[in-house]
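Take a look at the protein shown here.

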Amino acid sequence: MADTKRTSADLLTNLFQDGQSAGAISENDVRDFIVSAVPTFGYCYVSTPAETSVASQSVYLKAAGTTTGGGSSADMSMSATNRLAYSGTPNRHFVATASICFDNAAGNILVGAKLYHYDNSGSSGAVIDASEVRVNSDTNSNISAITLIGEVQLSTSDYLEVWISNETDATNITVQKMTFMAQSILI
C-alpha cells in the first residue's frame, strides 16, 4: 500500500484515536506517520549578485540576483530564481528564513525585507508583513545584513520569495549574498 502524508489532525482523528484496541494500528498507519513527520524543505542561495531596480520609495520588489538551488526534498524546488515552490500534499505549515547581505550606491538609506507568499488557490500573492525587518545602510562602502523569519501555510503549487524595498528614496539595492530556506513543521 502507498505511504500517505497526512496532517496531524488526520493522524490523531483517523489513525491514532484514544481508546483503540490492541493491534488496531497497522504497519501502514505507522508508515503514514513516519512520512508525515519527515519535514519538507527547500534551499537556495544567491550565486550571482544583481542590482534590484527601485522605481519608487517604500515599494517591495522581488530581490534580484541569480539563485542556485541547494538540497531540497521531493516536494520542494527552486522553480525560478529566488523562489521556493511547494508541490506536495497535504497543506503544510512552513518556517522560512533568509539571510541577506546587501549594499547600495548612495548609502544612508533604510532598507526593508519581507517574505512573499504566492497563494495558488486563485488569489494573488502578497508580502508577509509579520516577516518584515528593516535596517539602516549607513554608507555605500559597507555591506549591511538582514535576517528574516516567517511562518506560513503552503498548499500545492504555492511558493515563497524574498522581497526588498528602499524606504528612503529610489536608490537601487544590490543583494550580494543570500541564503533562503523553508522547512515544514508538523502541527
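Here is a short report, going from the whole chain to single residues.

## Ground rules

This is a predicted model, where local features need pLDDT of at least 70, side-chain atom pairs count only at pLDDT 80 or more, and totals for chains, interfaces and linings use all residues. Residues are numbered from 1 along each chain as its sequence is written, and side-chain values use heavy atoms, with hydrogens and water left out.

## The overall picture

The protein chain has two helices and twelve strands. Those elements are DSSP runs numbered from the N terminus: helices are H or I with at least four residues, strands are E with at least two. Going along the sequence, the order is α-α-β-β-β-β-β-β-β-β-β-β-β-β. The C-alpha trace spans about 70 × 30 × 25 Å along its principal axes.

What share of the 187 residues is buried? It's 38%, where buried means under 20% relative accessible area, exposed over 50%, and partly exposed in between (1.4 Å probe, protein chains only). As for contacts (heavy atoms within 4.5 Å), take those with a separation of 6 or more: 74% of them join residues 24 or more positions apart.

## Surface and charge

The accessible surface of the protein chain is about 9100 Å², and carbon and sulfur atoms own 53% of that. Areas like this come from the Shrake-Rupley method with a 1.4 Å probe; for residues, only the protein chains shown count as cover.

On the charge side, there are 9 positive and 18 negative side chains. Lys and Arg count as positive, Asp and Glu as negative, while His and the chain ends are not counted. The centres of the two sets lie 4 Å apart, with each charge placed at NZ of Lys, CZ of Arg, CG of Asp or CD of Glu.

## Rings that meet

Rings of Phe, Tyr and Trp (its six-membered ring) pair if their centres lie within 6.5 Å; planes under 30 degrees apart are stacked, over 60 edge-to-face, and the rest tilted. That rule gives five aromatic pairs. One of them is Tyr86 with Phe94: the ring centres are 5.3 Å apart and the planes sit at 65 degrees, so this pair is edge-to-face. Both residues are buried.

Tyr116 and Trp163 make a stacked pair, 4.1 Å centre to centre with 5 degrees between the planes. Because Tyr116 is in strand β8 (residues 109–118) and Trp163 in strand β11 (residues 159–166), the pair ties together parts 47 residues apart in sequence. Tyr116 is buried at 11% relative accessibility, and Trp163 is buried at 18%.

There's also a charge over a ring (NZ of Lys or CZ of Arg within 6 Å of the ring centre and within 35 degrees of the ring normal). The charged end of Arg83 sits over the ring of Tyr159, 3.8 Å from its centre.

## A spot in helix α2

Val30 belongs to helix α2 (residues 27–37) and is partly exposed, at 37% relative accessible area. Leaving out residues up to four places away in sequence, Val30 touches Phe16 and Ile25. Val30 and Phe16 are 14 residues apart in sequence, and 9.5 Å apart from C-alpha to C-alpha.

Most residues other than glycine have a negative phi, and most peptide bonds are trans. Where does a cis peptide bond turn up? One joins Thr89 and Pro90, with omega about -5 degrees. Pro90 is in the loop between β6 (83–86) and β7 (92–104).

Ser58 isn't a glycine, yet its phi is positive, about 65 degrees. Ser58 is in the loop between β2 (50–52) and β3 (61–62). Ser157 also isn't a glycine and has a positive phi of about 75 degrees; its place is the loop between β10 (144–154) and β11.
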